[in-house]
Amino acid sequence: MPTSKPDNYLDFPADITGPGLLTRAWRFGNVVWLAARVYLGYKSVQLWTRFISDRNKAELYRRQDLRAARALYSTAIQLEGLLIKASQFIATRADVLPDEWVSTLSGLHDRVPPRPLAMIHDQIERELERPLGDVYAEFDAAPIASASLAQVHRARLHDGRECAVKVQYPGIDGIVRADLKNMTTVLRWLAMLEHDFDYRILMREMLKYIPMELDFEHEADNSQTMRRNFAHNPDVIIPEVYREFTTRRVLTMELVSGIKVTDVEGLERAGINKHVVAQKLVENFCEQVLRDGFFHADPHPGNILIQPGPKIVLLDFGLAKDFPPLFRDGIVRLTFAILTSDRAGIVRSFGELGFRTRNGSPDTLLALSDLFLGNTIKSKKAYADKELIEQFSEEFPRTLRANPVVEVPADVLLVSRMMGLLSGLGKSLDSQVDLFTTIMPYAQRLMIPLIPQPAPAGE
């Protein structure tokens with residue numbers, strides 16, 4: 001199947017057909033109305049507690065959190081597509097966001113309303129260019145998971161292999177492309193109202209990766225790379241992809257079972273220690289980022305299953321990143337500098353990675369290092385410790401307003417996203433992970449070849 005050339009907007013293939021004018025206008029109107037409700041709700045609470053009365057301030061914000069989360073949930077269900085994906089990410093941030101947001105949106109992880117079976121059948125037959133029955137001996141009508149861009153069905157190949165078939169919703173790529181434009185426009189308007197909270201730079205960087213998630217052949221390549229990287233480790237399971245039944249919009253892979261990582265009661269019933277799971281997750285992602293320079297950037301609860309052992313099952317590699325060697329070395333240097341509290345090394349490493357602040361002051365970069373690892377290391381507390389999260393949530397916005405970050409490399413944003421998701425999972429698992437003792441051996445071992453060696457005597 002020929003590969004289309006990307007156009008000049010966020011690297012989407014040029015053959016993508018977007019929704020019609022009326023549909024685009026309707027979706028744009030819904031996004032604007034949602035943004036207005038959320039923004040005005042928080043602004044009214046802010047002004048009321050500042051100028052009229054700050055009595056019951058916490059309760060007023062709690063109620064607004066719940067109203068805003070419900071508004072996002074209902075709009076996401078209505079629009080689907082990109083807004084569901086954004087909501088799923090928000091729901092993973094139990095470490096920094098109020099429970100009202102997390103609990104309200106958590107239902108969107110793998111319980112998105114599914115598409116009709118006939119639509120899914122037609123999509124598979126179009127992509128594989130053959131009747132469904134010629135590919136699968138059995139195909140379950142009810143999906144085992146439905147998400148923002150695709151849904152997954154259990155099936156069996158004619159040779160007897162049990163498989164999971166991930167099918168992209170017809171037309172979803174054009175809808176996502178239109179939604180990206182809508183959200184970028186709304187963020188630009190909000191930045192005009194609130195100059196201290198301009199997230200367009202971060203969004204532009206993150207949106208570079210959305211088209212990758214719509215290309216299942218790219219996901220298959222990522223999955224095969226991850227299988228090779230962990231072939232030596234029996235405690236990490238990556239499903240095999242069946243490439244002969246995989247295209248840009250249909251992915252057929254080995255069916256692997258397990259307990260959802262956030263199902264703490266299910267883990268307990270299976271005799272699996274949740275603290276060991278949290279420890280192995282951190283070790284696994286240390287190996288991905290620091291050792292391999294290739295990591296799963298979307299470890300939300302729907303993408304991680306646990307088997308007795310415990311063994312970690314990783315799913316969905318649409319958002320995975322392969323670092324250039326020099327960038328991976330920069331991440332190793334930054335990690336080592338944070339672990340050893342080397343302030344000059346932290347600032348230098350951030351600069352080498354491509355971070356820039358408005359006035360060049362190191363304060364924001366040092367605050368960012370605390371976001372990554374620093375507070376946890378210095379306090380010797382467990383990752384996702386509630387007190388540390390609350391402290392950072394109060395202090396970091398003030399530092400960012402004083403000296404905003406004006407340039408952020410997208411690769412680091414993916415690392416930050418991954419760490420944020422792991423932190424949220426850590427809270428759910430009551431993580432007791434000591435990051436210093438866990439990460440330091442990796443950092444020390446990988447720093448050795450990066451330290452300049454003295455020239456031999458006589459030279």
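Searching the whole structure turns up five cavities of 30 Å³ or more. The model is a predicted one, so local features need pLDDT of at least 70 and side-chain atom pairs count only at pLDDT 80 or more, while totals for chains, interfaces and linings use all residues. Residues are numbered from 1 along each chain as its sequence is written, and side-chain values use heavy atoms, with hydrogens and water left out.

Rolling a probe the size of a water molecule over the atoms shows where empty space is left. A cavity here is a set of points, on a 1 Å grid over the protein atoms alone, where a 1.4 Å probe fits but cannot get out; a pocket is an open set with protein on both sides within 12 Å along at least five of seven lines, and lining residues have an atom within 4 Å of a point. Grid points are joined across faces, edges and corners, and a volume is the space filled by probe spheres set on the points.

The second largest cavity holds about 60 Å³ of space. It has 10 lining residues, with Ala278, Leu281, Val282, Leu422 and Gly426 closest to its centre. Two or more residues of this lining come from each of H12 and helix H17 (410-428); helices (H or I, at least four residues) and strands (E, at least two) are DSSP runs, numbered from the N terminus. By type, the lining of the second largest cavity has eight nonpolar residues, two polar and no charged. In this count Ala, Val, Leu, Ile, Met, Phe, Trp, Tyr, Cys and Pro are nonpolar, Asp, Glu, Lys and Arg are charged, and the others, Gly among them, are polar.

On to the second largest pocket, with a volume of about 680 Å³. Its lining runs to 35 residues, and Ala145, Val152, Gly302, Asn303 and Leu315 lie nearest the centre. Elements that each supply at least two lining residues include helix H3 (82-92), strand S3 (150-157) and helix H10 (216-229). S3 gives the most, with four residues. The lining of this pocket splits into 15 nonpolar, 10 polar and 10 charged residues.

Next come the cores. A nonpolar core is a set of buried Ala, Val, Leu, Ile, Met, Phe, Trp, Tyr and Cys residues joined through side-chain atoms within 4.5 Å, where buried means under 20% relative accessible area, exposed over 50%, and partly exposed in between (1.4 Å probe, protein chains only). The largest core has 53 residues, and Val261, Leu281, Ile304, Ile306 and Met418 touch the most other members. Helix H12 (residues 274-292) brings the largest share of this core, eight residues.

Two single residues round out the picture. Arg115 sits in the loop between helix H4 (99-105) and helix H5 (117-128), and counts as buried because its relative accessible area is 17%. Beyond its neighbours within four places in sequence, Arg115 is in contact (heavy atoms within 4.5 Å) with Glu80, Ile120, Gln151, Tyr169 and Ile172. Glu125, in helix H5, is partly exposed, since its relative accessibility is 32%. With neighbours within four places in sequence left aside, Glu125 is in contact with Arg130, Pro131 and Leu132.
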